[in-house]
Amino acid sequence: MTDHIPTARQTAGGSAYKPRRPGTLLTATLATAVAAASMLSSAAVSLIAGRSLLQSYVRDELGVEVGPDAVGSVVDAAVEAAFGSLQARAYVWLFFAAVFVLLLLPVRDGRTWARVVLSVLTPVVVLLGLRDLTDMVSPITGFLAALATLGALLAVVTCWLPATNRYVRTRKQSRRSQLG
């Protein structure tokens, strides 16, 4: 038995050869989905519970209960200012989650343009994730940022592995031979 893979011009079993999708593309698709879901979850947590997370973070950092006195009003103003930043980050996460969701099917199909877009966006996602990890407002936002970062990195690595490149090349040849 040989490891012969028919080219696009050859036939397998009398019909045109259709390349089998490699597991690397399934992994890239799942990693993209995990990254998108964690980005969406992080944005939801920040928008829904951001103020209370920031207030508990400030209380923990100061080590005191904040009341309605002058210190409390200063802390409330700081929490509001920090919430603006947290809210802006949540909107950025929503944008990247939407883009990653839109990339799911093209990445699954091994489209080169989708793999390039994923490769260009991943460093930005990694930097955003690292920023959320260093701020560490709450453990849940840190976990979701780490999950988004690792998912994006896994997706970009697996979509450029040799098995994926062979599949894309063979699929492209198959389409050209069917057209020509």
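Residues are called buried under 20% relative accessible area, exposed over 50%, and partly exposed in between (1.4 Å probe, protein chains only). Accessible areas come from the Shrake-Rupley method with a 1.4 Å probe, and for residues only the protein chains shown count as cover.

## Basis of the model

This is a predicted model: local features need pLDDT of at least 70, side-chain atom pairs count only at pLDDT 80 or more, and totals for chains, interfaces and linings use all residues. Residues are numbered from 1 along each chain as its sequence is written, and side-chain values use heavy atoms, with hydrogens and water left out.

## Salt bridges

A salt bridge is a side-chain nitrogen of Lys or Arg within 4 Å of a carboxyl oxygen of Asp or Glu. The whole structure holds 5 salt bridges. Helices (H or I, at least four residues) and strands (E, at least two) are DSSP runs, numbered from the N terminus.

One of the bridges joins the side chains of R21 and D109 at 3.3 Å, N to O. R21 lies in the loop between β2 (15-16) and α1, and D109 in the loop between α2 and α3, so the pair ties together parts that are 88 residues apart in sequence. R21 is partly exposed at 34% relative accessible area, whereas D109 counts as buried at 17%. D109 also forms a salt bridge with R108, with the closest N and O atoms 3.3 Å apart. R108 is partly exposed, at 32% relative accessibility. Through shared partners, R21, R108 and D109 are joined into one network.

Another bridge is formed by the side chains of E80 and R51, at 2.7 Å, N to O. This pair links distant parts of the chain, with E80 in helix α2 and R51 in helix α1, 29 residues apart. E80 is partly exposed at 41% relative accessibility, and R51 is partly exposed at 39%.

## Largest cavity

A cavity is a set of points on a 1 Å grid over the protein atoms alone where a 1.4 Å probe fits but cannot get out; lining residues have an atom within 4 Å of a point. Grid points are joined across faces, edges and corners, and a volume is the space filled by probe spheres set on the points. By this rule there is 1 cavity of 30 Å³ or more.

The largest cavity holds about 70 Å³ of space. Its lining includes S42, S46, R89, W93, D132 and T141. Helices α1, α2 and α3 (112-135) each supply at least two lining residues, and α2 gives the most, with 4 residues.

The expected span of a helix is 1.5 Å times one less than its number of residues. Helix α4 has 20 residues and reaches 28 Å from its first C-alpha to its last, close to the 28 Å expected. Among the buried residues of α4 are T141, L144, A148 and V156. Helix α5 (residues 162-179) has 18 residues and spans 26 Å between its end C-alphas, close to the 26 Å expected. Buried residues in α5 include Y167, V168 and R171.

## Nonpolar patch

Patches are made of residues with over 30% relative accessible area and no salt bridge: like charges are joined within 9 Å, nonpolar side chains (Val, Leu, Ile, Met, Phe, Trp, Tyr) within 5 Å. V34, I140, F143 and L147 make a nonpolar surface patch of about 330 Å². Helix α4 (residues 139-158) gives the most to this patch, with 3 residues. V34 belongs to helix α1 (residues 23-62) and is partly exposed, with a relative accessible area of 39%.

How values were computed. On a 1 Å grid over the protein atoms alone, a cavity is a set of points where a 1.4 Å probe fits but cannot get out, and a pocket is an open set with protein on both sides within 12 Å along at least five of seven lines; lining residues have an atom within 4 Å of a point.
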